[in-house]
Structure formats: structure tokens, C-alpha cells
Amino acid sequence: MFDNIKATEGFKNSISVAVNSGKLSHALILEGSDDESRFLAATEIASAIMCEGENRPCGVCSHCLKCSKGIHPDLHIVEKADDSAMIKVDAIRALKTTALLFPNEAKKSVFIIRQANLMNPQAQNALLKIFEEPAKHVCFILTCESKSSLLDTVISRATSYTLGESGKISTEKADSKSAELAKELVNIYTSGSEFDFLRKTSAFQKNKTLFKDTVNDIIPIV
């Protein structure tokens, strides 16, 4: 599952656990890596949300196949128009209208806002209302290079995931280091050794990417 996504193993594990446990948030923010990788990840997550297979996304059910081809009637892509440098409030108002409708085929409709950082403040504020009172049949996935480009009010109403360092794809070595460190930190924490815990976490002071990857790797463990 999620084999096609260029992201850390921590990201893949966290998303997989959330999807298959039924605890995936109604609003997600995907940051880091490059635009194409973020969009692919968003599409894969949309497939998983709609999937009817046992381990989602199964990749073979009609929902997965239609999502991968971009033809699922319940998958909606919102992005800037070719003649505009930003996503304007009218696009979000149209999204809100569509979100009131029940899905055509799947149990949920998924709206991907690609390069959500291009939403102007009016558009982001228009999105807040539906974030605050979401319908049970709707999910939102926002992609952006960094969530810091979004309003704090938008960030606070969504669950954020980091694919990897912006413009780069995490290597297997980096994934292995964060996964190993995550296990060590959990073991140290449960043992009650505060000194050892502080000593281990000192590595994060100079490596913010390692910190993010390690946090993502800890989530599935605990």
C-alpha cells in the first residue's frame, strides 16, 4: 500500500494506520517533498478513503482504478486556473456547494486542493466554515510545500503530515535512522530514564528533518 508515494516510511505507516483504523481526519494537510509527489500522495489517500478492499487502498477495486485514472465522480480537484496566480474565493465557494451533495458512487467525496498555499486569505477564510462543520461524507486534502504558508486557523482544523524534505526524497538510510531512533526513544521513555531521553533528543537541534521523520515513525509504534 502507498508503494507509489515518494515519501518517508513514517509517513506511509501513519497514513496507513489512520486509514485502516477509521481514524483518518476529515481534513489533511500534506507538506514537504515536491508538488507532483504531494499530489500523487493525495490521490492515493483519496483512493484509500473510497476503497472497498480489505487493506486500503487495494488498487484493484473500481474506486481505486477510477481514482488512479482521475475519472472518479466523487474525487474533486481544486487548483488555480491557468489564467490566475492564485486560488480565488469563488473556487472555494463552488467547492462548498458541491460538498453539500451526497457522493455519486463512494461513501465519501474527497476534495484535493492542490497547492493550497495559493489560496488567497479570502479563499482560506471561506474554507474555514466547512472545516468547522464538516459533513460526514466529505474529506479534504490540502497539499502545499509548507503548512506555514496557510492561515493558523486553517492549520488548527486539519491534521498535518510531512512527506519529506521539500525538493528532496528521503533516502532509505534516512528512513532507517529515524525508525531506529523512534524505537530507542519509546524504549527509553517507558524505562523512565529522563537523562537518556534528553541526550537522545539532542540530535534534533541540528536536524529538523530527522525530528519530523522520527515523530512520524513513533506514531505507529505507540
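Trainee: Leaving aside neighbours within four places in sequence, which residues is Thr143 in contact with?
Mentor: This is a predicted model. In it, Thr143 is in contact with Leu30, Arg38, Ala42, Ile113, Arg114, Gln115, Ala116 and Asn117. Thr143 itself lies in strand E4, residues 138–144.

Trainee: Why is Thr143 called buried?
Mentor: The criterion for buried is a relative accessible area under 20%. Thr143 has a relative accessible area of 0%, and therefore counts as buried.

Trainee: What makes Ser14 buried, given its relative accessible area?
Mentor: Its value is 4%, and the limit is under 20%. Ser14 is therefore buried. The residue lies in helix H1, residues 9–20. Ser14 and Val215 are 201 residues apart in sequence, and their C-alpha atoms are 10.0 Å apart in space.

Trainee: How many residues of the protein count as buried, as a percentage?
Mentor: Of its 222 residues, 45% count as buried. The accessible surface comes to about 11900 Å², and carbon and sulfur atoms account for 51% of that area.

Trainee: How do you know that the length of helix H2 agrees with what it should span?
Mentor: The helix comprises 16 residues, 35–50, and at 1.5 Å a residue these should span 22 Å. The expected span uses one less than the number of residues. The end C-alpha atoms are 23 Å apart, so the two values agree.

Trainee: What caps the N-terminal end of H2?
Mentor: Asp34 does, with a side-chain oxygen 3.2 Å from the backbone nitrogen of Glu36. The limit for a polar contact is 3.5 Å, and the distance of 3.2 Å falls within it.

Trainee: How do you know that the span of helix H5 agrees with expectation?
Mentor: Its twelve residues, 121–132, should span 16 Å at 1.5 Å a residue; the end C-alpha atoms are 17 Å apart, so this agrees as well.

Trainee: Which residues of H5 are buried, and what do they pack against?
Mentor: Ala123, Gln124, Ala126, Leu127, Leu128, Ile130 and Phe131 are buried. The buried residues of H5 pack against strand E1 (27–31), H4, E3, E4 and helix H6 (152–155).

Trainee: What makes Leu127 count as buried, and which residues does Leu127 touch?
Mentor: Its relative accessibility is 0%, and therefore Leu127 counts as buried. Not counting residues up to four places away in sequence, Leu127 touches Ile92, Leu95, Ile113, Met119 and Leu142. The C-alpha atoms of Leu127 and Arg93 are separated by 8.1 Å, although the two residues are 34 apart along the chain.

Trainee: How do you know that strands E2 and E3 pair?
Mentor: Pairing requires at least two bridges. Four bridges join E2 (residues 75–78) to E3 (residues 109–113), and the strands run parallel. In one of these bridges, His76 has Phe111 in E3 as its partner. With helix H4 (residues 89–99), E2 and E3 make a right-handed β-α-β unit.

Trainee: How many helices and strands does the protein have, and in what order do the elements run?
Mentor: There are nine helices and five strands. From the N terminus on, the order is α-β-α-α-β-α-β-α-β-α-β-α-α-α.

Methods: Residues numbered from 1 in each chain as written. Predicted model: local features only at pLDDT ≥ 70, side-chain atom pairs only at ≥ 80, totals over all residues. Heavy atoms only, no water. Helix = DSSP H or I, 4+ residues; strand = E, 2+ residues; numbered from the N terminus. Buried < 20%, exposed > 50% of the residue type's maximum accessible area, 1.4 Å probe, protein only. Areas by Shrake-Rupley, 256 points an atom, 1.4 Å probe, with all protein chains shown as cover. Right-handed = clockwise from strand over helix to strand, strands pointing away. Contact = heavy atoms within 4.5 Å. Polar contact = N/O pair within 3.5 Å; in protein donor to acceptor, adjacent residues only side chain to side chain.
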